[in-house]
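Please study the sequence and the structure before reading each solution.

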Amino acid sequence: MKTIFPKIPDETRLTMLRLPDGPVDAVLDTDTYNEIDDQFAVAYTLLSPERIRLKAIYAAPFSNENSTGPKDGMEKSYEELQRLLALMDIPEEGLLHKGSSCFLPDYFDYDIPVESDAARDLVKQAMAHDSAHPLYVMAIGAVTNVVSAMLTAPEIIDRIVVIWLGGHAHYWDNAQEFNLMQDLAASQVLFDSGVPLIQLPCFGVVDHLVMPTAETQAYLAGDGGLGDFLHNRVTACFANPRGRSRVIWDISAPAILAQPEAVKTDLRPTPWISDEGRYSFDSSRPLMRCLTHIDRDAVFGRFFSFFPQKGGSHD
């Protein structure tokens, strides 16, 4: 039997889906060692305390050439988060939590959560909030940690707003993006649960966030700390970094909270996700908010301003 989630009244949902105009409580769920863009998202979040009151960071599972499987990916993400926090002189105790060691099982068994410290902490954090003052869950990887918390305590769905980087633009010919497809069952539950959701589609929207290596050299390299770390993570992707660039997708999740003036979104019914990784649409489905545009220069301009030796002081 599948989990039955509470139905959120339309008026409450619309209120929760408004982009916040002030500081908010949030958690960050990240597969930090998967690539090199999560590191920028983590740094951006931690450098934005006036807008984002970060309550916890969760290491998410992933499986690609950088891991031997989801458990190894989660462990490597946890270790990368430890390195980042040490660079920023931020204590990890009470903030950093290990996530799931596997992806959510088959969709038809989705009433069975994957237990983890991350899922348990998310339930605890969510229960300290309500629909008028929700907890924002920035999820920039596989969503098993987040969905497992929702399956453990379905009543949290009207206490959280999930901001998820996953899938592609709804006009794209498919939704077959890495975060969505590696954790398909959890992605389907997320879209079917009725939780207030802000989707950040990859191809067609967030792929606009391109960062040339020349910018990391100009604005990050040479600070002897976090800037050098991030610059080296980018340039290590290329045998010859000259003239190359990377898409820093994941920074969009904290940016939508810290710089709502830099984004455009719309409200639309939440699509279904098929087992083949394609969208289908039904106007009777609960509304979600979808990112349609993000101002690349505004986001990276703010980020580089955190490094005054290279980019000027942050205002």
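**Exercise 1.** Determine which residues of H2 meet which residues of H9, and how the two helices are arranged.

*Solution.* 
1. Gln39, Phe40 and Ala43 in H2 are in contact (heavy atoms within 4.5 Å) with Leu226, Phe229, Leu230, Arg233 and Val234 in H9.
2. These contact residues divide into six nonpolar, one polar and one charged.
3. The model is predicted: local features need pLDDT of at least 70, side-chain atom pairs count only at pLDDT 80 or more, and totals for chains, interfaces and linings use all residues. Residues are numbered from 1 along each chain as its sequence is written, and side-chain values use heavy atoms, with hydrogens and water left out.
4. Helix H2 (residues 37-46) packs against helix H9 (residues 226-235) at an angle of about 160°, and their axes are 9 Å apart.
5. H2 is therefore roughly antiparallel to H9 (an angle over 145 degrees).

**Exercise 2.** Is Thr270 buried or exposed, and which residues does Thr270 touch?

*Solution.* 
1. Thr270 lies in the loop between strand S9 (263-269) and strand S10 (272-273).
2. Its relative accessible area is 5%, so Thr270 is buried (under 20% relative accessible area, with a 1.4 Å probe and protein chains only).
3. Not counting residues up to four places away in sequence, Thr270 touches Phe191, Arg285, Pro286, Leu287 and Met288.
4. The side chain of Thr270 reaches the backbone oxygen of Pro286 at 2.8 Å.

**Exercise 3.** Identify the buried residues of helix H4 (residues 117-127).

*Solution.* 
1. They are Ala118, Ala119, Asp121, Leu122, Val123, Gln125 and Ala126.
2. Elements against which these residues pack include strand S1 (24-30), strand S4 (135-139) and helix H5 (144-152).

How values were computed:
Axes are lines fitted to C-alpha atoms, for helices over the stretch in contact, and angles run from 0 to 180 degrees between N-to-C directions. Helices (H or I, at least four residues) and strands (E, at least two) are DSSP runs, numbered from the N terminus. Angles under 35 degrees count as roughly parallel, over 145 as roughly antiparallel, 65 to 115 as roughly perpendicular and the rest as oblique. Ala, Val, Leu, Ile, Met, Phe, Trp, Tyr, Cys and Pro count as nonpolar, Asp, Glu, Lys and Arg as charged, and the others, Gly among them, as polar. Buried means under 20% relative accessible area, exposed over 50%, partly exposed in between (1.4 Å probe, protein chains only). A polar contact is a pair of N or O atoms within 3.5 Å; within protein, one must be able to donate a hydrogen and the other to accept it, and residues adjacent in sequence count only if both atoms are side-chain atoms.
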